[in-house]
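Let's take a friendly walk through a protein model. Have the sequence and the 3D view ready as you read.

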Amino acid sequence: MNSWVEGAARDLVRHADRELDALVGVSSQSGDSRGAEEALAVCSALLPTEVEIERPPSSSPGYANDLIATLRGTGERRLMLLGHVDTVVATDEHRPLERDGGKLVGSGAVDMKGGVVYALGIMRALASMPDPYAEVALLLVTDEEWRTHGLTHVERFAGFDGCLCFEAGQVSPDGREGVIVRRKAAATLRVQARGVAAHSGSAPDKGRNALLALAAAAQHVASRHDPRGDHQLSAVPTIINSGEAFNVVPSGGELFCDLRANDLAAFDAVIDAVPDDVAGATLHPELVRRWPGMDALESTRDLLADASGLLGREILGLERGGASDASHMAQHVPLTVDGLGPRGGGAHNPDEFVLAASLEPRVQVALAVVAALLGIDG
């Protein structure tokens, strides 16, 4: 193993438990500006003193400002590290970090405060050696979990030599180390229904039932679910809201569906499957979130081969269905690698966890990719 990778990993892991404890200890549910500010304050305290810190506006109005920390060096390469501090679990269900056997359990531990700990440690490791780079920038956003549109910072980093994102790591089915180089496109479909209210006891047939129309729309969307087809399309109804009283025919409501596919164009067929009306209640579908897919399999092949040599074991390029800000950056930075965080499970649940045994081998993977990108020989 490359000596710099080995030494930096050992150094980082010494602090990882405590830093993860500090970050997970802050409830930073997406949309909670105070929680985001507290989480970013912890991050700022863990960054090297050499960084320049900026607080640009979030991509989502009403959210706490994002954070960009920049190291200036004397080399030529430009590298960005990418992560988010917002989490999904509600504040009243927040769970601070605790050790449960081989698991470090706590809200947001693997998605993605464990990865943020890695990114902060890598910034410290690089601060004392400015020769390999002209610039290393860490972008931490506050709105990744619930953002409905694009990432406003992408053009700022266009032309960088590489982007590394620290979402949770994974291994291949046969247990080999992997990073994420392919992700599906993702979208949220909202179907609004407009019907006619009527007394459900005395005049039910005078109404136009929006709830029944939405239920039919859900069936039409689900009929397009074809994860083994050419587009690997998944179409899953997830939320339905309709009606305000038990004795009134619902006059309105909305349905939400989660869509994933190899490309955004595949979602057009799902929209087309929603009928214009059902028994007189009209349906109005629209995509309220559109995230592009990511396919860096070929562009990262040589990089991962070099990183494997520095690591002393193979790093595979894998794919994952979930969305990530890496998908936005990959449109502008061809060498984008995701899944560089520790391994774990239970994302978006209070019982979310990081596998303690994964901390060192996974940070070695991340550091090997950094070394390959910046030409650090050790």
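Helix H3 (residues 109-127) and helix H9 (residues 359-374) have axes that come within 11 Å and cross at roughly 50 degrees. This makes H3 oblique to H9, since angles under 35 degrees count as roughly parallel, over 145 as roughly antiparallel, 65 to 115 as roughly perpendicular and the rest as oblique. Helices here are DSSP runs (H or I, at least four residues), numbered from the N terminus.

On the H3 side, the contact (heavy atoms within 4.5 Å) is made by Tyr118, Ile122 and Leu126, while H9 brings Leu359, Arg362, Val363, Ala366, Leu367, Val370 and Leu374. These residues divide into nine nonpolar, no polar and one charged.

## About the model

This is a predicted model, where local features need pLDDT of at least 70 and side-chain atom pairs count only at pLDDT 80 or more. Residues are numbered from 1 along each chain, and side-chain values use heavy atoms, leaving out hydrogens and water.

## A pair of rings

How are the rings of Phe157 and Phe160 arranged? Their centres are 5.3 Å apart and their planes at 80 degrees, so the pair is edge-to-face (centres within 6.5 Å, planes over 60 degrees apart). Phe157 is buried at 1% relative accessibility, and Phe160 is buried at 6%; buried means under 20% relative accessible area.

## A look at Ala217

Ala217 sits in helix H5 (residues 210-222) and is buried, with a relative accessible area of 0%. Not counting residues up to four places away in sequence, Ala217 touches Val191, Leu255, Val274 and Leu283. Ala217 and Leu283 are 66 residues apart in sequence, but 8.0 Å apart in space, C-alpha to C-alpha.

Terms used: Axes are lines fitted to C-alpha atoms, for helices over the stretch in contact, and angles run from 0 to 180 degrees between N-to-C directions. Helices (H or I, at least four residues) and strands (E, at least two) are DSSP runs, numbered from the N terminus. Ala, Val, Leu, Ile, Met, Phe, Trp, Tyr, Cys and Pro count as nonpolar, Asp, Glu, Lys and Arg as charged, and the others, Gly among them, as polar. Rings of Phe, Tyr and Trp (its six-membered ring) pair if their centres lie within 6.5 Å; planes under 30 degrees apart count as stacked, over 60 as edge-to-face and the rest as tilted. Buried means under 20% relative accessible area, exposed over 50%, partly exposed in between (1.4 Å probe, protein chains only).
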